[in-house]
Amino acid sequence: MRHHARWKEQLILNKAHTGSEDCSKNFTSPNGTIESPGFPDKYPHNLDCTFTILAKPKMEIILQFLTFDLEHDPLQVGEGDCKYDWLDIWDGIPHVGPLIGKYCGTKTPSELRSATGILSLTFHTDMAVAKDGFSARYYLVHQEPLENFQCNVPLGMESGRIANEQISASSTYSDGRWTPQQSRLHGDDNGWTPNLDSSKEYLQVLTQRLCRVCALRW
């Protein structure tokens, strides 16, 4: 019983100083502070936390770091080459939106802005060295509308910035001459035609990142 009690006590102690339970959080207030667990004390080991800022439509997210100190890799070749503890910042949902940057060491990240409505921070620590961590402030501000905005230049579907591989459809007319890729604006030949005349048919465009679609042109 004595050994069992000592083992249980050690397990509780380890759980209090390591692990990722309850370290993730969503932020929806107009402004707030995001800090590493335990800040201003040293952060625990073996963390994998996700902090997500969610903004309402037509709001921009501004993130400013006040302090930053994560374990530094002495063999680090360049920025983003972090092997032990790091903070990833994503313009959108982690591993879905583009990665803005991977940060470690003591160099404070510059001010970051996101207009996608979601800004995510994923924080990882290993089982060894712990530092003081980070503290950051975020603000939600109204996006300034562009005055007299006009679509006077070709956009992705017309310019080719959206690749053929990103365009698909629910079906294609059987002779193969009316493919989804021919749904681009001002094409020279035919256009996309589904195999069935049905309201359930659709055209799908994968943007490969989280985007807010504010206008359609056809």
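A disulfide is a pair of cysteine sulfur atoms within 2.5 Å. With -85° about the S-S bond, the link of C82 and C104 is left-handed. This is a predicted model, and a search of the whole structure finds two disulfides. The briefing also covers an open sheet of five strands, an open sheet of four strands, and a buried glutamate, E71, that has no salt bridge.

**Disulfides**

- A disulfide is a covalent bond between the sulfur atoms of two cysteines.
- With bonded cysteines counted along the chain, the pattern is 1-2, 3-4.
- The link of C23 and C49 is left-handed, with -110° about the S-S bond.
- C23 sits in the loop between α1 (2-17) and β1, while C49 is in strand β3, so the pair ties together parts that are 26 residues apart in sequence.
- C23 counts as buried because its relative accessibility is 10%, under the 20% cut-off.
- C49 also counts as buried, at 1% relative accessibility.
- C82 is joined to C104 by a disulfide, S to S 2.2 Å.
- This pair links distant parts of the chain, 22 residues apart: C82 is in the loop between β4 and β5, and C104 is in the loop between β6 and β7.
- C82 is buried, with a relative accessible area of 9%.
- C104 counts as buried at 10% relative accessibility.

**The five-stranded sheet**

- Strands of a sheet pair through backbone hydrogen bonds, either parallel or antiparallel.
- The order here is β1-β3-β8-β5-β6, the sheet is open, and the pairing is mixed.
- The edges are β1 (25-27) and β6 (99-103); each has a single partner strand, so one side of each is left without a neighbour in the sheet.
- From one strand to the next, the twist averages 15°.
- β1 runs parallel to β3 (residues 48-54), and three bridges join the two strands.
- F27 has I53 as its bridge partner in β3.
- β3 and β8 pair in the antiparallel sense, over seven bridges.
- Within β8, T122 stands opposite T50.
- β5 and β8 run antiparallel and are joined by five bridges.
- W86 stands opposite H124 in β8.

**Strand β8**

- Strand β8 covers residues 118-124, and seven of its seven residues are buried, so the strand is largely enclosed by the rest of the structure.
- I118, S120, T122 and H124 point one way from β8.
- L119, L121 and F123 point the other way, and all are buried, as are the residues on the opposite side.

**The four-stranded sheet**

- This open sheet has the order β2-β9-β4-β7, with antiparallel pairing.
- β2 (31-35) and β7 (112-114) stand at the edges; each has a single partner strand, so one side of each lacks a neighbour in the sheet.
- Neighbouring strands of this sheet are turned by 20° against each other on average, direction ignored.
- β2 and β9 (residues 133-142) run antiparallel, with five bridges joining them.
- Y138 in β9 stands opposite G32.

**A buried glutamate**

- E71 is found in the loop between β4 (59-69) and β5 (86-90).
- E71 is buried yet has no salt bridge.
- The nearest side chain of opposite charge is that of K131, 7.9 Å away; a salt bridge needs a side-chain nitrogen of Lys or Arg within 4 Å of a carboxyl oxygen of Asp or Glu.
- Leaving out residues up to four places away in sequence, E71 touches Y43, Y84, D85, C104, G105, D126, V129 and K131.
- One of these contacts, C104, is also a partner in the disulfide with C82.

**Helix α2**

- S159 is found in helix α2, which spans residues 156-159.
- S159 counts as partly exposed, at 45% relative accessibility.
- In sequence, S159 and L185 are 26 residues apart.
- In space, S159 and L185 are 8.9 Å apart, C-alpha to C-alpha.

Terms used
Residues are numbered from 1 along each chain as its sequence is written. This is a predicted model: local features need pLDDT of at least 70, side-chain atom pairs count only at pLDDT 80 or more; totals for chains, interfaces and linings use all residues. Side-chain values use heavy atoms; hydrogens and water are left out. Two strands pair if DSSP finds at least two bridges between them. Axes are lines fitted to C-alpha atoms, for helices over the stretch in contact, and angles run from 0 to 180 degrees between N-to-C directions. Buried means under 20% relative accessible area, exposed over 50%, partly exposed in between (1.4 Å probe, protein chains only). Lys and Arg count as positive and Asp and Glu as negative; His and the chain ends are not counted. Contact means heavy atoms within 4.5 Å.
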